[in-house]
Amino acid sequence: MKNLRIGIIGCGGIANGKHMPSLKEAGGCEMVAFCDIIVERAEKAAKQFGTPDAKVYEDYKELLKDESIDVVHVCTPNRSHSFITVDALEAGKHVMCEKPMAINSAEAQKMLDAAERTGKKLTIGYQSRFRDDSQYLKAEAEAGTFGDIYYAKATAIRRRAVPTWGVFLNEYEQGGGPLIDIGTHALDLTLWTMNNYKPKYCVGTTFHKLNNDTDQGNAWGNWDPEKFSVEDSAFGFIVMENGATIVLESSWALNSLDVREAVTTICGTKAGADMNDGLRINGVRNDRQYVMKPSFAAGGVAFNDGAKGDNMAIREAKAWLNAIREDKAPVTLPEQAFCVTRILEGIYESAKSGKPYYFN
């Protein structure tokens, strides 16, 4: 089978930290085109990850004219996810778009419509699904271990770890702060485990309490208070159509020692689980409470081919490429990512209005 030919649009931090190294390790593909509005970044990426004849672009529309490109990875700031993805799908490319899907549900809907219209595959970069603990938890949920999951917590809390590079602090470019950046991973993982994508209403709050701090103690150096236009923390209370309830916690800078990121807690009628100290499953058996902690130190049947040294990003890349080759649905369906975006939007809207946000 011929290698899939891939174009990278956006050659910044997430492309260098996740997409390009993972595609290189995944195999069965070749990166043949690189685009960035700072052309030097595209040139550097091409030298490090590209084929010898890889092309470099400053305008993504020029890259999309290359009919030999099968797949495009969109790794740009959130604001441009929608229109670049739509253009790429219309150009006949399959698309992996970095999370979140879009800055709002209207833009995300355009992406869904374009995928349906063109018949091309679309997925969103929620790599936390591919962790060992996440895969195990999902398998247990599908086996019915937890029964009816009616309460969950989606947690993405940092103590003082505000990202100070790129456009993370720019509300116009990103559409929000920690809620749309890391809260989105925790929410996706929670909805996926519950297999529940029908929200009824939500209540949300956002805070700008620490943005202007000068005594910061930040993990990545001091942020510029004048450029910190997004929230530093956001919290949501989400009620699904079947009554199931989710509490979403997200922060880049919270005065808390309960620091965990992209994890979920679920409570069902038969059992529950959390990721507070590794994955822990709790329940009652033979009239006794139990806690079970699966070990991920040794091997097992890993996701896909389970090659030694795989991490969640490489597994995600392999699963995505296999979905294209085998013409099957990607692990992260665009409709699922759309629901995540709807809920994030609802929390932001509720925070602005001070009222519950109803989805229908």
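Entry: I began at asparagine 286, which counts as exposed because its relative accessibility is 73%; exposed means over 50% relative accessible area, buried under 20%, and partly exposed in between, with a 1.4 Å probe and protein chains only. Its phi is positive, about 55°, although asparagine 286 is not a glycine. I found it in the loop between β13 (280-285) and β14 (288-292); strands are DSSP runs of E with at least two residues, helices are runs of H or I with at least four, and both are numbered from the N terminus.

Asparagine 195 also went into the notebook, with a positive phi of about 55°. It sits in the loop between α8 and β8 (199-207) and, at 55% relative accessibility, counts as exposed.

**Entry: ground rules.** A note to myself: this is a predicted model, where local features need pLDDT of at least 70 and side-chain atom pairs count only at pLDDT 80 or more, while totals for chains, interfaces and linings use all residues. Residues are numbered from 1 along each chain as its sequence is written, and side-chain values use heavy atoms, with hydrogens and water left out.

**Entry: a cis peptide.** Which residues does a cis peptide bond join? I noted lysine 99 and proline 100, with omega at about -15°. Proline 100 lies in the loop between β5 (94-98) and α5 (105-118). A reminder on background: most residues other than glycine have a negative phi, and most peptide bonds are trans.

**Entry: cysteines.** How many disulfides does a search of the whole structure find? I got 0, taking a disulfide as a pair of cysteine sulfur atoms within 2.5 Å. For cysteine 35, the closest cysteine sulfur is that of cysteine 11, 7.2 Å away and so too far for a bond. Cysteine 35 is buried, at 3% relative accessible area. For cysteine 97, the closest cysteine sulfur belongs to cysteine 75, and 8.1 Å is too far for a bond. Cysteine 97 is buried too, at 0%.

Entry: In helix α2 (residues 39-49) I listed Ala42, Ala45, Ala46 and Phe49 as buried. They share one side of α2 because they cover an arc of only 100° around the axis, the arc being that of the directions from the helix axis to the C-beta atoms. On the other side, Glu40, Lys44 and Lys47 are exposed. The cover over the buried residues includes α1, β2 (29-35) and β3 (50-57), with contact meaning heavy atoms within 4.5 Å.

**Entry: the largest pocket.** Its volume is about 1,100 Å³. On a 1 Å grid over the protein atoms alone, a pocket is an open set of points with protein on both sides within 12 Å along at least five of seven lines, and lining residues have an atom within 4 Å of a point. I counted 41 lining residues, with Gly13, Ile14, Cys75, Thr76 and Phe168 nearest the centre. The elements giving two or more residues to this lining are α1 (13-26), α4 (81-90), α8 (178-194) and β11 (260-268). α8 gives the most, with 4 residues.

Glutamate 142 is in helix α6 (residues 132-142). Glutamate 142 and lysine 55 are 87 residues apart in sequence and 44 Å apart in space, C-alpha to C-alpha.

Notes
1 Å grid on protein atoms, 1.4 Å probe; cavity = no way out; pocket = protein on both sides within 12 Å on 5 of 7 lines; lining within 4 Å. Points joined across faces, edges and corners; volume = space filled by probe spheres on them.
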